[in-house]
Amino acid sequence: MTHSLAAADPTVTDFDATIERVDGTDVVLEETYFYPQGGGQPADRGTIEGVPVEHVETVDGDIVHRLEREPSFDVDDEVVASVDDEFRRYTMRAHTASHILYGAGRRLLNILGYGGFGITNEKVRVDFETTTDVTDDVLVELERLTNRAIWESRDVAWEEVPRAEALDREEVAFNEATEEGVMNDADTVRIVTIEDWDVAACGGTHVANTREIGGVTVQERSNPGEGLTRVEFAVGPTGIRRRATEHRAALSAARSIGTSVEDLPEAVERLIDERDALEAEVRSLTDEVLESRLAELDRVEQDGQTWRIGVVNDFDSNEVGEKIQKRVGTDDDVIAVSGGGGRPFVVVASSGDVDANRVVEDVTDEFGGGGGGGPTFAQGGGLDADPEEVVTFLS
Ligand SMILES: [Zn+2]
């Protein structure tokens, strides 16, 4: 049974170790400062006696270092081990940042519990069990509070406390699902305290002061399950890149519409209102044009009925169809219109005696295409004829 000293002493990255077991590429040390994957934090990288360490995990109570190749050293040998310092510093910063974000959540959200967290090379996620709707405003406020707490340079401390005592302390964020790695032995739990900000049971590696994190950039929010809100953020270069991308986009959008980033939301609202007003105006003008085109169509008397027949282009069959249904019956008994390029349409509205559907059937019998409708309105499309030919046929 070995345990990792990483969480207790996260700044130690170079150490001498004694080989306890070698099994192919799997190596167990008597004591190790490598962090084994667990509790949402990835395993450390590094080397043992110059051989790269591919993965570190806890197997049956032992911390197993999987090497890239079989080593030449053997049991009881003294070796030099080295944890990848850059990656370790990244996980320490990312991990501590997740505690700070959780602390910000405590101040802003109705928190029911801690839903877990995870670190990848690019980002960190924290899952909140909360009934609060995490809107854009809440998300930005979470980010702001987190960066404030980082700036405030709060001390981070950790200690082993009896498990029962930890469970009794109500302010401790404790998640059974991710406590793997929290326990060094069966009876104690590591409690990580960020000065006047957050207390959590956690077995990961942490920085000693929040200012070491630098800053966080919130990236996404999602709902991975019932009552869970996931917030993803980045620390370091990924976060800095993201902020630059967003800043560039905001400046470019503001410049395009001649305003400042601060006034962008109002300017966009104004543009949307203007667009809506213009759309309404265009609709009303289009309506007038169609109305006057229909009024100009030729009138013919056929079997005691007044027909208005003709070609109307630049409008689709639905627009024309709607309009002739409203018009028919006032000055005309039947209105029949053809239009459209390629495979034209025909629409027929009747106020009674003429069966509109029969008229459309006659047209499609003659010119192909298809259609249908009822006695007062029918339409056909895909006709193999010019609109003028259709009108001649109907007249
Ligand atoms: Zn932690």
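**Figure 1. Valine 28 in strand β2.** Valine 28 sits in strand β2, which covers residues 26–29; helices (H or I, at least four residues) and strands (E, at least two) are DSSP runs, numbered from the N terminus. The model shown is predicted: local features need pLDDT of at least 70, side-chain atom pairs count only at pLDDT 80 or more, and totals for chains, interfaces and linings use all residues. Residues are numbered from 1 along each chain as its sequence is written, and side-chain values use heavy atoms, with hydrogens and water left out. Valine 28 counts as buried because its relative accessibility is 1%; buried means under 20% relative accessible area, exposed over 50%, and partly exposed in between (1.4 Å probe, protein chains only). Apart from neighbours within four places in sequence, valine 28 is in contact with Thr2, Thr18, Ile19, Glu20, Arg21, Asp62, Ile63, Val64 and His65, where contact means heavy atoms within 4.5 Å. From valine 28 to aspartate 127 there are 99 residues in sequence and 33 Å in space, C-alpha to C-alpha.

**Figure 2. Valine 83 in strand β6.** Strand β6 (residues 78–83) holds valine 83. With a relative accessible area of 2%, valine 83 is buried. Its contacts, leaving aside neighbours within four places in sequence, are Thr13, Phe15, Tyr33, Phe34, Asp44, Arg45, Gly46 and Arg88. Threonine 11 is 72 residues from valine 83 in sequence, and their C-alpha atoms are 9.9 Å apart.

**Figure 3. The zinc site.** Four residues coordinate the zinc ion at 2.0 to 2.1 Å: His95 (NE2), His99 (NE2), Cys202 (SG) and His206 (NE2). Donors are N, O and S atoms within 2.8 Å of the metal (3.2 Å for Na, K and Ca); water is not among the atoms, so sites may look incomplete. The angles among the 4 donor atoms are 92 to 120 degrees, and the site is tetrahedral. Four donors count as tetrahedral if all angles lie between 85 and 135 degrees. Along the sequence, the donor residues follow the spacing H-x3-H-x102-C-x3-H. Cysteine 202 is buried at 8% relative accessibility, and histidine 206 is buried with a relative accessible area of 1%.

**Figure 4. Helix α5 against helix α6.** The axes of helix α5 (residues 264–296) and helix α6 (residues 317–327) come within 11 Å and cross at roughly 60 degrees. Axes are lines fitted to C-alpha atoms, for helices over the stretch in contact, and angles run from 0 to 180 degrees between N-to-C directions. On the α5 side the contact is made by Asp287, Leu290, Glu291, Leu294 and Ala295, and on the α6 side by Glu319, Val320, Lys323, Ile324 and Arg327. By class, this contact has 5 nonpolar, no polar and 5 charged residues. Ala, Val, Leu, Ile, Met, Phe, Trp, Tyr, Cys and Pro count as nonpolar, Asp, Glu, Lys and Arg as charged, and the others, Gly among them, as polar.

**Figure 5. Two aspartates with positive phi.** Most residues other than glycine have a negative phi. Aspartate 60 has a positive phi, near 50 degrees, and is found in the loop between β4 (51–59) and β5 (62–67). Aspartate 60 counts as exposed because its relative accessibility is 78%. Aspartate 196 also has a positive phi near 50 degrees; the loop between β10 (188–194) and β11 (198–201) contains aspartate 196. At 65% relative accessibility, aspartate 196 counts as exposed.

Conventions. Tetrahedral: all angles 85-135°; square planar, octahedral: opposite > 155°, others 65-115°.
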